[in-house]
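Here is a short report on one protein model. Keep the sequence and the 3D view open as you read.

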Number of protein chains: 4
Amino acid sequence: MNYKYSVFLANVGTANDRYCAEYAKPFTFARLIERAASIPQLSGVDLVATPALVAVAPEIRRQLADAKLKTVSIALDIFTEPKWKQGSFSSRDRKVREAAMDHARQVVGLLRSFGSDLLTIWPGQDGFDYLFQSDYLAERAHFCECVTRLAEEFPKIRIALEYKPREPRTHSYVQNAGTALLTAHMTGRKNVGVALDLGHSLMAYENPADVVAMCKIHGDKLFHVHINDNFMFADDDLIAGSVRTLEYLEFYYWLNRTGYSGWITIDQFPYREDGRDACAESAEWLGYFETLIKTFGLARINQVIKTKNAIAASRMMRELLKTRIP
Amino acid sequence: MNYKYSVFLANVGTANDRYCAEYAKPFTFARLIERAASIPQLSGVDLVATPALVAVAPEIRRQLADAKLKTVSIALDIFTEPKWKQGSFSSRDRKVREAAMDHARQVVGLLRSFGSDLLTIWPGQDGFDYLFQSDYLAERAHFCECVTRLAEEFPKIRIALEYKPREPRTHSYVQNAGTALLTAHMTGRKNVGVALDLGHSLMAYENPADVVAMCKIHGDKLFHVHINDNFMFADDDLIAGSVRTLEYLEFYYWLNRTGYSGWITIDQFPYREDGRDACAESAEWLGYFETLIKTFGLARINQVIKTKNAIAASRMMRELLKTRIP
Amino acid sequence: MNYKYSVFLANVGTANDRYCAEYAKPFTFARLIERAASIPQLSGVDLVATPALVAVAPEIRRQLADAKLKTVSIALDIFTEPKWKQGSFSSRDRKVREAAMDHARQVVGLLRSFGSDLLTIWPGQDGFDYLFQSDYLAERAHFCECVTRLAEEFPKIRIALEYKPREPRTHSYVQNAGTALLTAHMTGRKNVGVALDLGHSLMAYENPADVVAMCKIHGDKLFHVHINDNFMFADDDLIAGSVRTLEYLEFYYWLNRTGYSGWITIDQFPYREDGRDACAESAEWLGYFETLIKTFGLARINQVIKTKNAIAASRMMRELLKTRIP
Amino acid sequence: MNYKYSVFLANVGTANDRYCAEYAKPFTFARLIERAASIPQLSGVDLVATPALVAVAPEIRRQLADAKLKTVSIALDIFTEPKWKQGSFSSRDRKVREAAMDHARQVVGLLRSFGSDLLTIWPGQDGFDYLFQSDYLAERAHFCECVTRLAEEFPKIRIALEYKPREPRTHSYVQNAGTALLTAHMTGRKNVGVALDLGHSLMAYENPADVVAMCKIHGDKLFHVHINDNFMFADDDLIAGSVRTLEYLEFYYWLNRTGYSGWITIDQFPYREDGRDACAESAEWLGYFETLIKTFGLARINQVIKTKNAIAASRMMRELLKTRIP
């Protein structure tokens with residue numbers, strides 16, 4: 001495969017939902033790394049800077065090196081602790097905002113020590129639940145200002161903003177691709193871009209393929225890609241490609257077409273499945289899509305999309321699925 | 001107020017989501033009961049038969065009696081333990097189905113000891129996540145058969161089926177009011193009916209007021225009501241009435257119109273709020289709605305809905321909101 | 001192919017939306033029949049009993065015979081004329097209900113003269129737009145009563161109720177599979193069943209494959225199937241299979257599994273495409289799905305769905321797509 | 001009332017959907033103007049530059065003057081004619097793009113003659129229906145380039161981009177507030193802003209109040225407001241405020257808070273109601289909301305939203321609804 005694949009380290013483990021605290025016994029970091037390394041398509045991992053991880057960072061770094069897994073990106077942990085429950089960078093409380101800034105600085109340090117320059121920010125708690133609960137003006141301004149400051153402090157770090165329409169808040173501030181790109185632009189900094197999570201994009205009634213093009217045209221802003229699947233209403237975090245097959249194929253065409261050279265990171269919540277096996281299945285699907293598009297050839301697709309002809313597109317999708325791959 | 005109000009005992013406590021394991025420190029059962037009792041509109045509680053609760057049932061019963069709180073209903077716990085992760089009554093594994101039956105029998109015993117005859121079944125794990133994962137025919141048949149057997153074993157217990165379109169599964173078997181009523185009918189037993197959770201109903205793109213009428217017309221099947229609010233895409237479990245105000249008002253009209261004499265149970269997940277205060281807010285909204293409808297009078301509403309005139313309905317809704325209440 | 005395919009006659013023509021009255025020039029009935037006949041997979045047509053069609057029914061019957069196209073079903077026209085704007089069988093106005101009954105009787109006569117026994121009822125205007133606009137109890141009772149009377153008057157005619165969650169009303173009375181099956185059961189008549197429109201089912205957040213099983217288990221009630229595709233939020237009426245590929249494959253498995261022996265009718269709105277070509281594309285997709293499932297074999301699928309194993313299901317879906325067909 | 005209210009002239013008439021071509025007999029322009037003028041809260045109208053209107057523009061201008069109705073804005077007609085069916089400014093066909101530019105120039109001329117400087121662009125046909133149908137990169141670039149050219153040609157005309165997630169296409173290019181603001185920014189021209197249609201915003205899972213703040217913070221870009229209501233899944237175009245009451249109230253708070261000084265234009269599709277009466281109902285709701293917020297006072301709301309306290313917000317919403325207005 002030509003694309004570089006990674007997985008969120010925790011995803012090869014276990015997941016809980018709000019009803020069941022433990023569908024299965026959790027794994028140690030060492031076991032998680034072994035499990036990730038056992039998926040042949042993967043050459044990297046993404047991490048979330050939880051207190052538990054930060055506490056043993058050097059050990060993890062060594063184990064990843066031993067397993068020949070690169071650290072692709074580290075995501076801020078601004079969503080697992082109660083202190084962020086009313087927002088991080090958008091909080092009305094200056095102390096909370098500064099705590100988030102300090103955490104980000106710490107994670108940048110971590111990033112460097114892990115040999116990566118890609119910081120992922122998913123502001124999951126930055127939003128609101130109720131009407132008349134929030135000062136959108138002040139909170140959005142705080143958010144934008146903090147990201148701008150971070151981008152200025154660390155001009156060599158690329159900051160990927162991960163958008164999502166809702167959950168855990170009923171409404172997120174950075175809710176879709178348009179808003180993420182707008183926010184990136186408002187910072188005025190080149191090192192702020194977008195992390196496209198395919199599941200979040202589908203929840204926002206976007207076509208992820210179109211988002212790849214949007215990011216390209218508005219400043220080559222696609223910094224990172226997260227992969228999972230869903231039925232469009234919730235962040236189901238299913239095996240990638242097991243639901244939205246054709247959307248995934250078109251997405252791969254657009255990655256090729258726009259020359260995306262970043263990583264593709266599996267980001268799932270396998271509640272009832274073995275985490276390692278569920279992620280391995282995603283890797284299989286992604287390899288299948290990548291190969292199908294490559295074998296079919298970009299040129300034939302280019303020809304069809306020039307015409308805007310739906311009949312031709314429909315016929316081509318069927319041919320694409322019928323393509324025999326090596 | 002004329003309606004009888006209850007709360008799920010756990011709801012006056014704390015809630016977690018899949019990201020944050022503990023937004024706040026949990027409370028003991030004793031404290032939860034005190035907190036529920038402190039909400040003046042409430043005269044009952046609903047319980048979930050978790051292992052933790054079952055273990056101290058006699059103590060809880062005594063504390064509830066001391067607090068003058070009636071036990072309205074007990075819900076089966078077929079969703080918090082890993083053993084139900086692929087379904088309870090619909091499981092392909094006979095042992096799991098029988099375990100669910102045994103649990104139900106145990107809860108019926110509990111119910112009796114708590115002086116209630118209303119069993120709530122929310123089959124949250126009975127459904128599927130992936131395409132091509134399930135034998136819908138066999139699993140739906142198992143589900144229906146188990147509920148029928150339960151209804152036959154305990155003819156004096158009323159069984160309320162609580163439907164929901166999704167979560168924690170991507171698709172639930174008992175997904176909406178039509179399917180719940182159909183299932184109730186297929187059992188051929190009078191003691192099987194519906195628990196209408198307003199949030200679940202909104203998620204299913206239903207109008208809860210219409211569901212009250214559906215239940216009435218198809219055999220007086222509205223056995224129980226759960227209350228919370230949301231933005232229609234997810235089970236946000238917000239303070240009741242804080243979002244869908246007009247739907248709630250119409251719902252109260254239909255409760256009155258159909259002579260609903262059961263309980264109304266607050267069922268929320270106050271992640272970031274004090275649980276007791278969030279439930280107290282719901283009670284305030286519900287009292288407001290109940291009083292508004294009563295003050296405005298059913299007769300005026302009857303007159304308008306006879307005409308199917310949207311202009312008249314719109315005008316009346318505004319008048320309803322403007323009604324001065326005592 | 002083993003399944004019998006049909007098309008709504010008007011669908012090989014043109015379509016308008018609420019903005020653009022005429023995306024293309026309409027065709028005569030004679031031309032529509034020629035166009036339908038030119039799609040090799042089709043051996044039948046479905047009709048809607050519009051005044052324009054009724055006026056020339058004998059001529060159309062002759063032209064269909066010449067074109068060797070069977071009339072699969074005729075749908076009542078209770079949605080294109082202003083007189084039905086507040087409902088047909090559910091109308092509070094007795095005269096409107098009786099007009100709908102008379103129309104139905106006329107269409108039954110038409111059906112017989114066309115050699116079919118399958119009456120399709122899509123109660124598109126039976127529902128409501130506004131809160132507080134409707135007497136759900138009375139209107140649902142009227143609807144159920146009228147359908148029951150029809151079923152009793154014409155015991156040899158099979159009546160297929162086509163459900164849909166919304167549009168043209170914001171809320172339909174017969175809104176999903178559960179409600180359609182419930183309504184069929186409440187009539188107490190064997191000759192009332194369900195017309196499953198895949199697009200409507202996806203809009204209702206159902207899995208159409210599951211609906212096939214639901215219909216089987218609750219009285220073998222799948223009387224008719226309409227085919228089209230969408231992105232789950234609206235009735236996009238796209239080329240079948242061009243979006244929800246895997247859902248369609250699972251649907252074909254369940255048609256096979258339950259021994260469905262009825263027709264599959266293409267029902268699209270090709271606004272911007274040539275209608276004939278868009279329907280021909282659907283026929284191609286459907287043939288592809290039918291062949292894929294047949295070639296892959298039911299037995300392998302049976303094995304997987306017994307296990308409820310998502311990993312196995314995911315792997316199998318990929319193998320299914322990779323299956324080489326003759 | 002302090003805000004200036006308008007209505008789309010056609011909205012006081014009749015509407016059709018894709019099933020029923022004529023729910024009621026249409027009105028002449030002269031009658032439409034009389035009908036709009038009969039709604040006391042209105043002091044302006046918005047127009048769509050259809051061929052029928054353009055043909056009699058001088059007459060309409062005179063009649064509006066006689067009726068003392070100001071022309072608030074004219075919207076391009078790039079959605080009612082078949083020539084735009086694959087897009088206007090985003091079309092791959094240079095001739096179509098130039099035809100759209102020429103139409104826009106003509107409408108600017110019209111605007112001036114009607115004494116307005118506000119051009120509304122709703123690119124309803126600019127988007128796509130099928131996967132693999134479109135070259136997003138080229139089409140989005142064309143769109144942006146055309147709008148930029150227009151903005152440069154007419155620096156004194158304010159251009160309001162009206163976004164919408166879907167319909168009539170399954171996916172629109174300018175799909176939500178973030179994308180509209182991003183597009184406005186990418187033109188680099190101050191005279192490009194946003195037309196916020198509340199119904200479109202709800203369809204995009206936005207909170208319109210938040211969008212008012214977003215527009216304020218990102219360059220004071222709220223150029224125009226369209227008003228109607230819906231149940232969040234489709235563009236139901238219902239009487240404003242008859243469904244999302246609390247969202248409307250919060251929206252009015254934010255209009256006040258950000259000092260919005262533009263017009264509020266009613267934009268509905270009253271299929272089954274008298275158009276004039278349905279729009280008059282919206283005007284009544286809007287007056288009610290405006291007065292409620294004014295009477296309650298911004299200061300109390302300011303106090304609550306500073307705290308981000310959901311309990312306080314919930315309580316305040318109830319107090320707001322209970323506020324007695326003069």
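Which strands of chain A run in the closed barrel, and with what pairing? The barrel has 8 strands, in the order β1-β2-β3-β4-β6-β8-β9-β10, and the pairing is parallel. On average, neighbouring strands of this sheet are turned by 30° against each other, direction ignored. Such angles are taken between lines fitted to C-alpha atoms.

Some ground rules come next. The model is predicted: local features need pLDDT of at least 70, side-chain atom pairs count only at pLDDT 80 or more, and totals for chains, interfaces and linings use all residues. Residues are numbered from 1 along each chain as its sequence is written, while chains are lettered from A and ligands numbered from 1 in the order in which they are written. Helices (H or I, at least four residues) and strands (E, at least two) are DSSP runs, numbered from the N terminus.

**One strand pair.** Two strands pair if DSSP finds at least two bridges between them. In chain A, 4 bridges join β4 (residues 118-121) to β6 (residues 158-162), and the two run parallel. L118(A) stands opposite R158(A) in β6(A).

**One helix.** Helix α5 of chain B covers residues 136-153. Its 18 residues should span 26 Å at 1.5 Å a residue, and the end C-alpha atoms are 26 Å apart, which agrees. The expected span is 1.5 Å times one less than the number of residues. Buried residues of α5(B) include F143(B), V147(B) and L150(B). Buried here means that 20 or more other C-beta atoms lie within 10 Å of the residue's own. Among the elements that cover them are α4 (94-113) of chain B and α8 (208-217) of chain C.

**The contacts between chains.** Two residues are in contact if their C-beta atoms, placed from the backbone, lie within 7 Å. Chain B puts 44 residues in contact with 43 residues of chain C. Helices α5 and α6 of chain B are among those that each supply at least two residues of the side touching chain C. The table sorts two sides by class.

**Symmetry.** Chain C can be laid on chain D with an RMSD of 0.0 Å by a turn of 180° and a shift of 0.0 Å along the axis. The two copies are therefore related as by a two-fold rotation axis. Superposition is by least squares on the C-alpha atoms of residues with pLDDT of at least 70 in both. Of the residues of chain C, R18(C) comes closest to the rotation axis, at 2.7 Å (C-alpha).

Note on methods
Buried ≥ 20, exposed ≤ 12 C-beta atoms within 10 Å, placed from the backbone. Axes fitted to C-alpha atoms, helices over the stretch in contact; angles between N-to-C directions.
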